[in-house]
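Subject: Structure for your review

Dear colleague,

Please find below the structure I am handing over to you. My findings follow directly after it.

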Amino acid sequence: MLSTKYTEKTKLTKDEIDRKWWEVGDYFRRNSLWLLMYCTGCCAIELPPSMTSAYDMERLGMGPMATPRQADILLVSGYLSLKTLRRLIYTYEQMSEPKYVVGLGSCPINGGIYHDLHAVINQLDQYIPVDVYVAGCMPNPESVLNGFVDLMEGIKNKTANGWKKYRDNNEWYKQNQKDALGEVIIHDEFHE
Amino acid sequence: MILNILIGIGIALFGFVLQTSIGGINRKIVGRMQKRQGPRWYQEFIDIFKLLSKRSVSHGWIFDFGVIMALGGIIATAMFMPLTNNFLAFENYDNFFIFVYLLAVGMLGMAMSASGSGNPWASIGVMRALTTMLAYEIPFLIVVLTIIKLTGKSSLTEIMLYQQATGNNWFLIALPIGGIVGFIALMGMLGKKPFETYIAPAEIASGPMVEYGGKQLGMLFIMHEITVFIEVSLFVHLFLGGASNIFEFLLKYFTVYTLANLISNVNGRFKIDQVVKFFYKWPLLMAVTQAVIAIYFGWVI
């Protein structure tokens, strides 16, 4: 039973207040995930059915967006050649934080059927942090949506923190990118 | 004076909440039209608060300042909007031309900010938005000037009261051709589908909004909702006889916005030259015909 005596309220520290606000933000972030689809491979064909009336992604508050600045999720569907990897890194770095990466199909996990091709990277995780993988070749729309629900759970449990990893271990990621691509320079043609 | 300003800000806030809810309900309606479940009705609120909770980059101070100018200009415009016959913040300041002038502040703020981002898609989007504006404003203004000539007043409240007086009809019925032109121009103002040329997500990557993300995009969303509130309310007051109480206003507002949205969802997108040609062909011709009929022949139902 609660005591009726006056007890002084325990004051929250600044960290705790920040954490509470972050949790409030997490509610909004996990219920409104906007996708930027980076459709390089055949898995992109599974996205139209998961967006339209059959599986209806919009009921989870998700939808496609036009530019990396507006998007929350970078959806990598398919294999990545060295040429597309460079563009993928540009795109990922343009997105505003918090940002999440979903790898679709088996190609971003271990190379899939392209694992021994000279121009294709095998593990996406070496270059940018991936929060959720949806395995399968190709995964059907149910598993695609299941992957997004997993991402929502991850945001709720604070396990989907790839963007923090990318900031903390930036040198490691940059080194891997350089090893694969030789040089990663983002050309800013407007200000040059 | 302070009370008036507070009421004005209240109207802007009311407009934001109203339009965001109705926008969400409309997303649900469109979902049901396409045999989908559709998002929750408060999804638009979640989207806006999420955007405000994200971190964002800046592209220089013009980019940031333009967003604030756009939001401020639109809130300032919404403050003058009458909701019903006798509910408005600033008595005698609800002239139609005040809205025409003040809306431009918000639009120019957005244009300035988008150009400040330095992205070519943004410049193309701004150019298209201004071209569309030139296209729809001429037929719309001819119809509104006809209304002003008939009533002899340019204040929104007076126009509302004129339509509600016994013996007079709503201008949608009294000037049927002009009413159609007004609705088509409203579709252009709202950027709905046939005239969605300046947003065009698949073509020019959402046009002026291409470089926005996070907080700036959230503020632009708020600005967009209040702009839609102003434009649809203008149509309700000018053509649908305004409203004598708030429920009537809500009903008319919902009907007009939902109708525009439904028409939008069964249409494709015009190219920019098609938009200009369309507006300068049929709506302009209809507007001039309506003006001649109403003013020189005096045939008003």
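In this predicted model, 18 residues of chain A are in contact with 27 residues of chain B. Sorted by class, the side of chain A that touches chain B comprises 8 polar, 6 charged and 4 nonpolar residues.

Two helix pairs within chain B were also examined. Two packed helices are described by the angle between their axes and the distance between the axes.

Helix 4 of chain B contributes B:Phe99, B:Leu103, B:Gly106 and B:Met110 to the contact, while helix 10 of chain B contributes B:Leu220, B:Met223, B:Thr227, B:Ile230 and B:Leu234. By class, this contact has 7 nonpolar and 2 polar residues, with no charged residues.

The second pair consists of helix 5 of chain B (residues 120-151) and helix 12 of chain B (residues 272-297). Here the axes come within 9 Å and cross at roughly 5 degrees. Since angles under 35 degrees count as roughly parallel, helix 5 of chain B and helix 12 of chain B are roughly parallel to each other. The contact between helix 5 of chain B and helix 12 of chain B has 19 nonpolar, 4 polar and 2 charged residues.

Kind regards

Notes: Residues numbered from 1 in each chain as written. Chains lettered and ligands numbered in written order. Predicted model: local features only at pLDDT ≥ 70, side-chain atom pairs only at ≥ 80, totals over all residues. Contact = placed C-beta atoms within 7 Å. Nonpolar A, V, L, I, M, F, W, Y, C, P; charged D, E, K, R; others polar. Helix = DSSP H or I, 4+ residues; strand = E, 2+ residues; numbered from the N terminus. Axes fitted to C-alpha atoms, helices over the stretch in contact; angles between N-to-C directions. Parallel < 35°, antiparallel > 145°, perpendicular 65-115°, else oblique.
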